[in-house]
Amino acid sequence: IATVIIATYELVQNRKINDITLEAEYFDFLFKESMLRQIPLSRAKLVFDGNGKLTGTDDLIEVLNSMRRNSIYFQYTDGTFYEKLKKQLQGIEDLLDETADKNVVAEDQTKFFNELKENIETLYDLMLKKYLGKKIK
């Protein structure tokens, strides 16, 4: 009896590990390039011109939109993660759009970049938790 219980336990554990590994492979395929290269490179293009207008937002917005499109798989496999990811991506895009629509004075430019950094860090934290197979609440 003990052997059957141990074998069943090991089978369940192996399935969980296999599921996490498979999902990590999907995750790599869908988001690795965006997270490691595209977000940092497109973020570096953001600058305020001499009139206080934010420029260079198009590339980062496109990366965010691409990530949102790529995340649709998770709508069917992990709705909670999908909704949080979608909300975080939209929040960053909204921040970019709202800021680009106005003239921003110097001290508010620093505030914008700090807020953007926090939002991107929150996005990366969410993505890392999912990649590591942690439960998203």
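The model is predicted, with local features requiring pLDDT of at least 70 and side-chain atom pairs counted only at pLDDT 80 or more, whereas totals for chains, interfaces and linings use all residues. Residues are numbered from 1 along each chain as its sequence is written, and side-chain values use heavy atoms, with hydrogens and water left out. Helices are DSSP runs (H or I, at least four residues), numbered from the N terminus.

The members of the negative patch are Asp-94, Asp-97, Glu-98, Asp-101, Glu-115 and Glu-118. Patches consist of residues with over 30% relative accessible area and no salt bridge, like charges being joined within 9 Å; a salt bridge is a side-chain nitrogen of Lys or Arg within 4 Å of a carboxyl oxygen of Asp or Glu. Helix H4 provides the largest share of the patch, namely three residues. Asp-101 lies in the loop between H4 and H5. This residue is classed as exposed because its relative accessibility is 65%, where exposed means over 50% relative accessible area, buried under 20% and partly exposed in between (1.4 Å probe, protein chains only).

Aromatic contacts were also examined. Nine aromatic pairs are found in a search of the whole structure; rings of Phe, Tyr and Trp (its six-membered ring) pair if their centres lie within 6.5 Å, and planes under 30 degrees apart count as stacked, over 60 as edge-to-face and the rest as tilted. The pair of Phe-27 and Tyr-131 is tilted, because the ring centres are 5.5 Å apart and the planes stand at 50 degrees. This pair connects distant parts of the chain, with Phe-27 in helix H1 (residues 2-43) and Tyr-131 in helix H5, 104 residues apart. Phe-27 is buried at 5% relative accessibility, while Tyr-131 is partly exposed at 32%. In the pair of Tyr-73 and Phe-74, the centres are 4.9 Å apart and the planes are at 80 degrees, so the arrangement is edge-to-face. Tyr-73 is partly exposed, with a relative accessibility of 30%, whereas Phe-74 is buried at 0%.

In sequence, Lys-86 and Asn-65 are 21 residues apart, and their C-alpha to C-alpha separation in space is 9.5 Å.

Conventions
Patches are made of residues with over 30% relative accessible area and no salt bridge: like charges are joined within 9 Å, nonpolar side chains (Val, Leu, Ile, Met, Phe, Trp, Tyr) within 5 Å. Accessible areas come from the Shrake-Rupley method with a 1.4 Å probe; for residues, only the protein chains shown count as cover. Lys and Arg count as positive and Asp and Glu as negative; His and the chain ends are not counted. The place of a charge is taken as NZ of Lys, CZ of Arg, CG of Asp or CD of Glu. Helices (H or I, at least four residues) and strands (E, at least two) are DSSP runs, numbered from the N terminus.
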